[in-house]
Amino acid sequence: LGECLIRFSLALSTPNSDQWFSSSLNNLMDVFDPLRHPNHLNFTLRGFVAFMLGFLIGLYFLNYSFILAGTVALVLSKFMGSAIERNLGRAQGVVLGLVLPVIVVSHVSACSGWLDQITFLALVGTFEFVTLFIAFASGPRFAYIALLTSAFAAREFFSQCDHLHSDAITASMTYNVVSTTI
C-alpha cells in the first residue's frame, strides 16, 4: 500500500508526459488493489455483517445498547487457526476486563472527594499500565487477552458513577455484558 502511494505521489509531482493523467489514475487505483483480493473482501463482508447485526440487535432488542457491536469490533479477527484457544482467550479477556475493575475500585469511589478521585485515577493508571505492559511485552497469546482486558476494563472503570455503586446493579450489569459478549 505504501509503495502504491509513493508511485502515485511521484506521478503527480512529475507531469512530464502526455500520459500523465492515465498513469496517475492507474497509480491511484493501485492503492485499492489490496481490496480486490478475495480474502480481504471476505473478511470485510463478514466483519460488516457481524458488526451491523450486533448494532441492530443492540438497537432494537437490548434497549439501545452498544455493547454487542463494540464487542464485535474488539474481537473480530482474521486469524483462522486454533479457534477454541482464541475463543477462550476472548472469554478470559472480557471476563477479566469486567470483573477486575469492580474488585480494584470496590473501596474507592471516583464520585466523591478529591482524595478518592486521585486514588481512583492512580489505580486506573496502574491497572491500565500493567495490562498494556503485559500486552506489549509478552507473546501473542497473552497479548490478546491483556488487550481485551485493558479495553473492557477502561469502559468499566469509568462507568462506575453511572449506577452509583449499587452492588446488585453492578453484578447484574456485569453478568449481562459477559453473557452478551460470550
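1. Let's start with the loop between α3 and α4, where Y64 is found. (Helices here are DSSP runs of H or I with at least four residues, numbered from the N terminus.) Y64 has a positive phi of about 60 degrees, although Y64 is not a glycine. With a relative accessible area of 65%, Y64 is exposed; exposed means over 50% relative accessible area, buried under 20%, and partly exposed in between, using a 1.4 Å probe and protein chains only.

2. A word on what you are looking at: this is a predicted model, in which local features need pLDDT of at least 70 and side-chain atom pairs count only at pLDDT 80 or more, while totals for chains, interfaces and linings use all residues. Residues are numbered from 1 along each chain as its sequence is written, and side-chain values use heavy atoms, with hydrogens and water left out.

3. N63 lies in the loop between α3 (38-60) and α4 (67-75). N63 is not a glycine, yet has a positive phi of about 60 degrees. N63 is exposed, at a relative accessible area of 68%.

4. Now turn to helix α6 (residues 114-137) and helix α7 (residues 140-157), whose axes come within 7 Å and cross at roughly 160 degrees. Axes are lines fitted to C-alpha atoms, for helices over the stretch in contact, and angles run from 0 to 180 degrees between N-to-C directions. The two helices α6 and α7 are therefore roughly antiparallel, a term for angles over 145 degrees.

5. Which residues make the contact between α6 and α7? From α6 they include F120, V124 and F127, and from α7 they include A146, S150 and A153. Contact means heavy atoms within 4.5 Å. The residues of this contact divide into 14 nonpolar, three polar and one charged; Ala, Val, Leu, Ile, Met, Phe, Trp, Tyr, Cys and Pro count as nonpolar, Asp, Glu, Lys and Arg as charged, and the others, Gly among them, as polar.

6. S150 is worth a look in helix α7. At 7% relative accessibility, S150 counts as buried. Not counting residues up to four places away in sequence, S150 touches E128, T131 and L132.

7. Finally, the largest nonpolar core has seven residues: V105, V108, F120, V124, F127, A153 and F157. Such a core is a set of buried Ala, Val, Leu, Ile, Met, Phe, Trp, Tyr and Cys residues joined through side-chain atoms within 4.5 Å. The largest share of this core, three residues, comes from α6.

Notes: Angles under 35 degrees count as roughly parallel, over 145 as roughly antiparallel, 65 to 115 as roughly perpendicular and the rest as oblique.
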